[in-house]
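Work through these exercises with the model open beside you. Try each task before you read its solution.

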Amino acid sequence: MNPGSVLLEIKGLRATVATDAKKEILKGLDLSVRAGEVHAIMGPNGSGKSTLAAVLAGHPAYTVTAGTVTYHGKDLLEMAPEERAREGVFLAFQYPVAIRGITNSYFLRSALNAIRKHRGQEELDPLDFLSVLETKLKQIGWDDSFLNRAVNDGFSGGEKKRNEILQMAVLEPTLAVLDETDSGLDIDALKTVAEAVNALRRPDTATVVVTHYQRLLNYIVPDRVHVLAGGQIVKSGGKELALELEEKGYVGV
Amino acid sequence: MNWLTELRERGAARFAEVGFPTTRQEAWRFTDVRPVAEASFGKGVSRWTVDANGAQGLLIGDLTRAGDVAQAHLGRYADLTANPFTALATAFLDEVQVVSIPARTEVATPIRLSHRLDGTGVVMGTPRVLIVLGDQARATVIETHEDSGDRASLSNSVTEIVLGNGATLDYVRVQREGMRASHIATTQSHQGRDSVLRSTSIALGAGLSRHDLGAVLAGTGASLTLNGLSVVSGRQHVDYHTTIDHAQPHCESHELFNGVFDQHARGVFNGRIIVRPGAQRTDSKQTNNNLLLSGEARADSQPQLEIYADDVKCTHGATLGPLDATALFYLESRGLSPQTAKSLLTYGFAADVLTRIAVAPVRDDLDRVIRGRLGVETLAAA
């Protein structure tokens, strides 16, 4: 993907809760993200921010009823969740799931190998994987303390969020969607996570940051800021829009 | 040996009195043993393989070598009146595998006892094990009940475990008999002061299996880990009844039983915890998780807490249901196929019990077996 070309194009996206077709959450959403960019999606609680993130990853809890999502020129909505991941879409969960009995390192290697296989690359054995992991940890400046613990099991809120970013570092997504990665983090943890995300930025990838607060955007500086309300993007602007929102609140803009 | 004849006679008398249990009895409500009660069994031959890996200073043997230890302990813990099958097994008591570790002796390598039922036609066997650890002794014992081939059989097994003061035993029992076999087992342990018993019972085989695990914390400060794992499918039925008896103060018990039930398999868990009057500062935790991989699989879970002391901490919890949809999506969102995600989550559920086994080579062996069952590739530490 060339820097500057459109990576993600969402047009007229409508989605309902899968178990309740009358409960429409996304009501005709448009968004265009270019390679190399960071976009922030802000909005009040219940506006549909997390639903947008979940729909992009293919979460079965939501049904898309109208609109298109084109990713890399392909129809993203046609793809199963694992195909999206293999094609480079990554969702950092707001509430990462604990998987008992499976170590983080095994999980990461399984995921990376599934993606490598899809790309036609050789799968990594445990030793090769370890060296990839060490490189990544060095890149984001973290230690390996939670690699041999079960995935997110007994992790603190901050550790879970860091673990999502570690997965992102290892899986090298083309499009990363961070769903309220800042929630529940103290300022030091927030900085650590933001620094890691910044270290992973590349001109051929893009990041969509979903957040309720402007705070994170002091550290991950967005190219574009969008306000999501009532299931639609109601306003878009540069990074200064985030500051304006912080000052005036969502009602003021 | 008069004491032995007398023990057999007591077993026979008790069984003659009560006969086979029926589903009208509370303890057997979910487990119908009619297929066993109505079959006629010939006398089977117990084939034991015993491997102590050349460990010195312990006594492993049968009644001729270990008669004194056997006389002192055999039949004193497994209550004939608690379970008709214990009475039946005692009536037919034949050979006994005795593992006796003298006081203050540490046996580093695992002692492996492996049983296979032999004989002609439909046979019953009564494999009997007695494990006695003297004060401050330490050992690991692995008791395995192997597949005896594709034929109807009944293994009616009784194991008694006696831990002296300050003794530590890691005990793993694996049942992987054939699908036409019935496996009925009693494991009864008795712990002295400050002793530690870490017990894991694994049920993979047998069409019908029932395992009653009883543990008495008979000395202050004793600690018990009573874990179990069932991985069954087809029309397998597995029933675990556990009874933890906190008879003395300052003891702790941690119980975790996980069951994986696929196809038409059926699981029963009954976890009884008794805290006797005066058993203050008891710390007891019981967890039973049941994973149902098909709509036809079924599991019943019953905690049974009887607390007669007032300064205690007792918790229990049970879960029952299919794999968590959010967890499946989480794995898929990282590029894993739905099938891989399912196997991995199921493995993780089983591994939650396996990873608690302290003895690495034993844990790794079982890990391989379980992975084979669930179709999960090598989990070599990355």
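**Exercise 1. Find what share of the contacts in chain A, between residues at least 6 apart in sequence, join residues at least 24 apart.**

Solution. Count two residues as in contact if their C-beta atoms, placed from the backbone, lie within 7 Å. Take the contacts in chain A between residues at least 6 apart in sequence. Of these, 72% join residues at least 24 apart.

A note on the model: it is predicted, so local features need pLDDT of at least 70, side-chain atom pairs count only at pLDDT 80 or more, and totals for chains, interfaces and linings use all residues. Residues are numbered from 1 along each chain as its sequence is written, while chains are lettered from A and ligands numbered from 1 in the order in which they are written.

**Exercise 2. Describe the secondary structure and overall build of chain A.**

Solution. Start with the DSSP runs, numbered from the N terminus: helices are H or I with at least four residues, strands are E with at least two. Chain A has seven helices and 10 strands. Next, take the radius of gyration over C-alpha atoms; the globule rule is 2.2 Å times the number of residues to the power 0.38. Chain A comes to 18 Å, close to the 18 Å from the rule for 253 residues, so it is as compact as a globular protein of that length. Its C-alpha atoms fill a box of roughly 50 × 40 × 40 Å along the principal axes.

**Exercise 3. In what order do the six strands of the open sheet in chain A lie?**

Solution. Strands pair if DSSP finds at least two bridges between them. The order is 6-7-8-3-9-10, with mixed pairing. Strand 6 (89–92) and strand 10 (232–237) of chain A are the edges, each pairing on one side only. Now zoom in: five bridges join strand 7 (residues 175–179) to strand 8 (residues 206–211) of chain A, and the two run parallel. Here Ala176(A) stands opposite Thr207(A).

**Exercise 4. Which residues touch the most other members of the largest nonpolar core?**

Solution. Such a core is a set of buried Ala, Val, Leu, Ile, Met, Phe, Trp, Tyr and Cys residues joined through C-beta atoms within 7 Å. Buried means 20 or more other C-beta atoms within 10 Å of a residue's own. The core has 168 residues, and Val177(A), Leu169(B) and Ala350(B) touch the most other members. Helix 6 (residues 338–354) of chain B gives the most, with nine residues. Finally, check Val177(A): its contacts include Phe90(A), Leu91(A), Val208(A) and Val210(A).

Methods:
A residue is buried if 20 or more other C-beta atoms lie within 10 Å of its own, exposed if 12 or fewer, and partly exposed in between; C-beta atoms are placed from the backbone. Lists of a residue's contacts leave out its neighbours within four places in sequence.
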